[in-house]
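Notebook open, structure loaded. I'll jot down what I look up as I go.

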Protein chains: 2
Amino acid sequence: MNTRATAVVDVGLGERSYSILVGSGLLGAPSSYRRLAHGTSAVIVTNDTVGTLYAHTLAAALEQVGVRAEIVLVADGEAFKTWETLQTIVDGLVASRADRSSTVFALGGGVVGDLAGFAAACYMRGVAYVQVPTTLLAQVDSSVGGKTGINHPSGKNLIGAFHQPSAVIADVDVLATLPRRELVAGLAEVIKYGAIADDAFLAWIETSLPALLAGDQAALVHAVTRSCQIKAAVVAADERESGPRAVLNFGHTFAHAIETGTGHGTWLHGEAVGCGMAMAADLSVRLGLIEPAHASRITAAIAAAGLPLYAPALGVPRYLELMRMDKKAIAGALRFVVLEGPGRAAIRTVDEATAAATIEAFAGERGPDAAL
Amino acid sequence: MNTRATAVVDVGLGERSYSILVGSGLLGAPSSYRRLAHGTSAVIVTNDTVGTLYAHTLAAALEQVGVRAEIVLVADGEAFKTWETLQTIVDGLVASRADRSSTVFALGGGVVGDLAGFAAACYMRGVAYVQVPTTLLAQVDSSVGGKTGINHPSGKNLIGAFHQPSAVIADVDVLATLPRRELVAGLAEVIKYGAIADDAFLAWIETSLPALLAGDQAALVHAVTRSCQIKAAVVAADERESGPRAVLNFGHTFAHAIETGTGHGTWLHGEAVGCGMAMAADLSVRLGLIEPAHASRITAAIAAAGLPLYAPALGVPRYLELMRMDKKAIAGALRFVVLEGPGRAAIRTVDEATAAATIEAFAGERGPDAAL
């Protein structure tokens with residue numbers, strides 16, 4: 001239960017500010033939860049997989065600070081981010097006699113976080129919740145920003161709320177039980193933060209990828225901490241996503257096309273983002289915004305992390321069609337987050353021919369010919 | 001389409017501030033909607049009853065300011081404030097291709113307002129909505145405050161959001177088609193505002209009740225305007241209902257016991273509030289807070305409005321049991337909003353014997369013996 005290498009990231013959002021605790025040994029340490037009021041109640045929302053591994057450790061730590069916790073189990077996977085699962089969680093909160101002073105704990109990956117966060121946003125018009133992300137992707141991405149929600153048959157995250165957590169506990173120890181493919185997928189978002197906002201961090205990632213892939217605690221703590229700092233700074237400047245926050249979607253326009261074009265679930269989101277970032281870097285070179293050597297650095301980091309560099313051969317017309325449905329598209333014009341230099345990103349409208357050239361290079365019939 | 005006797009109430013909530021337009025002839029006047037951006041889309045959520053009467057008038061006025069409106073119908077009544085109806089509305093928003101720039105119009109009473117407001121709060125994590133309340137109760141109560149939500153089998157409004165409208169259009173002309181029983185029920189809340197916050201307004205109500213009951217437009221405009229001003233001032237001081245806002249619940253602890261004890265729907269909410277206010281005024285006299293003559297003024301106004309003054313004989317123990325479940329109760333102690341003088345209210349913990357004496361006086365076996 002010894003906590004080592006702990007870092008704190010403060011997310012500055014006025015009266016909705018909160019702290020992210022990043023470290024090793026946090027999940028089972030009562031000190032992680034000492035801010036909770038003695039005698040209040042908690043409801044831990046988790047799935048079978050994660051719950052079996054960690055729910056009782058969390059509940060025991062909460063009990064040591066005088067907080068009684070009930071556990072609500074939901075099914076695992078994006079397919080269950082539905083009205084039905086949301087109702088199951090609310091029914092669980094009612095059955096647990098949760099009141100306005102109760103705290104919801106989201107113990108799991110992004111799906112559990114989105115569901116439990118939205119349930120907390122709606123229950124009694126808003127109760128507190130704490131994110132305990134158990135995937136690298138959730139630790140560096142979905143636990144910062146306050147986006148919660150469920151899917152509708154017509155669109156991902158179409159129903160939801162902005163509801164900031166009161167705290168995030170990111171314990172890197174839990175990543176030891178994460179399937180390697182998911183660890184790798186999470187690294188895509190880590191690379192993203194270096195690419196869009198901090199070239200020194202990108203350089204650190206380049207040298208630290210072997211340690212990260214080997215599960216080195218100190219390296220993981222630094223990667224999660226710096227990623228959260230960058231996302232927190234972007235979100236603090238644009239909480240409701242009206243402008244600058246869009247740079248967090250670097251690689252995501254191509255990624256969403258890959259995910260939708262292949263059917264959701266075929267590619268992991270992080271895998272599609274990895275490939276999408278290589279494509280967006282290539283696009284930035286074609287637009288004359290960055291040197292080919294800088295794009296190659298990003299592409300090499302993506303490859304070294306074990307992420308795919310080739311996109312499925314769906315054909316250029318299908319890619320263009322999918323990308324025009326992107327939320328960033330305005331009146332049918334293609335818009336991308338591009339790099340303007342090391343650690344600098346911006347949104348640009350891009351002509352179809354240039355976008356098509358990038359698609360052809362990464363998803364052409366000949367397979368990938370990215371300039372590695 | 002001529003607008004007369006129009007008043008504007010500004011609800012000051014920082015960046016969530018909005019205006020309530022109160023008047024005659026507003027619903028069908030394009031000028032009521034001129035702040036909406038030309039070319040945006042609207043979705044009118046309404047029920048069969050109200051929709052048949054007014055939806056096309058509203059849609060035609062919107063069309064004149066360049067806003068295309070789709071109509072989504074929901075079933076009428078508190079029993080339909082459910083997950084299912086919420087999903088119906090969201091499905092309707094999707095089918096209407098509503099996007100982040102769309103505006104939801106809630107055309108109806110409190111049920112439609114709560115449902116449509118909550119759907120707007122959730123859709124794409126929040127789109128704008130305009131309240132067009134068509135009952136007196138909704139005009140003076142539920143269109144101010146930003147409370148939206150649905151019921152859960154275990155509790156009313158258990159699931160919801162605080163989501164402020166971008167405007168409220170309170171057209172008193174629509175009250176002409178309101179059943180008299182509902183008009184009377186709405187007057188209970190009007191009397192409440194006078195009792196808790198403005199003795200001069202209470203005096204005006206005392207002399208104006210005949211005009212209000214006869215549907216006099218100028219009298220209704222003043223009653224709605226002053227009620228909204230009072231509620232807006234209370235809400236602005238306590239948006240998330242952590243303290244002072246609770247005085248708006250004057251009469252409501254007794255009222256909720258009457259509604260739950262008789263089965264929801266037997267008494268209209270306003271009828272129960274009318275009787276509950278007479279009981280709370282009596283309680284205030286027993287606590288030595290106000291003169292009997294002041295309680296009699298309030299009781300006389302309630303009677304003159306045509307509201308019931310006797311409570312059902314459920315027995316004192318059942319009343320006490322029901323009131324201990326009230327949200328204001330703390331650790332089983334009974335808490336009531338009481339009057340401390342003309343136009344002044346506060347929350348007090350009340351001993352069981354005093355509460356029992358009031359219940360006995362209004363709901364005893366002998367029937368009502370209120371000091372009229």
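**Entry 1: between the domains.** I started where the two domains of chain A meet: 25 residues of domain 1 of chain A are in contact with 26 residues of domain 2 of chain A. Strand E1 (4-11), strand E2 (18-24) and helix H4 (136-142) of chain A each give two or more residues to the domain 1 side. I looked up which of these gives the most, and H4(A) does, with five residues. By class, I get 17 nonpolar, six polar and two charged residues on that side of domain 1 of chain A. A reminder to myself: this is a predicted model.

**Entry 2: domain bounds.** I went back for the limits. The domain assignment puts domain 1 of chain A at 4-178 and domain 2 at 181-363. Their C-alpha centres are 27 Å apart.

**Entry 3: chain A as a whole.** I have 12 helices and 11 strands down for chain A. Its radius of gyration is 20 Å, close to the 21 Å from the globule rule for 372 residues, so I can call chain A as compact as a globular protein of that length. Along the principal axes, I find its C-alpha atoms filling a box of roughly 60 × 40 × 35 Å. Buried residues are 52% of the 372 in chain A. I also checked contacts in chain A between residues at least 6 apart in sequence: 73% of them join residues at least 24 apart.

**Entry 4: chain A against chain B.** Next I looked up how many residues each chain brings to the contact: 19 from chain A and 19 from chain B. On the chain A side, helix H2 (83-95), helix H3 (110-122), strand E7 (147-152) and strand E8 (155-162) each supply at least two residues.

Entry 5: Most residues other than glycine have a negative phi, so I noted the following pair. Met124(B), not a glycine, has a positive phi of about 50°. Arg125(B), not a glycine either, has a positive phi of about 60°. Where do I find Met124(B)? It is in the loop between helix H3 (110-122) and strand E6 (128-133) of chain B. Arg125(B) is placed in the loop between H3 and E6 of chain B as well.

Arg125(B) has 22 other C-beta atoms within 10 Å, so I put it down as buried.

Key: Residues numbered from 1 in each chain as written. Chains lettered and ligands numbered in written order. Predicted model: local features only at pLDDT ≥ 70, side-chain atom pairs only at ≥ 80, totals over all residues. Contact = placed C-beta atoms within 7 Å. Helix = DSSP H or I, 4+ residues; strand = E, 2+ residues; numbered from the N terminus. Rg over C-alpha atoms; globule rule 2.2 N^0.38 Å. Buried ≥ 20, exposed ≤ 12 C-beta atoms within 10 Å, placed from the backbone. Domains from an automatic or database assignment. Nonpolar A, V, L, I, M, F, W, Y, C, P; charged D, E, K, R; others polar.
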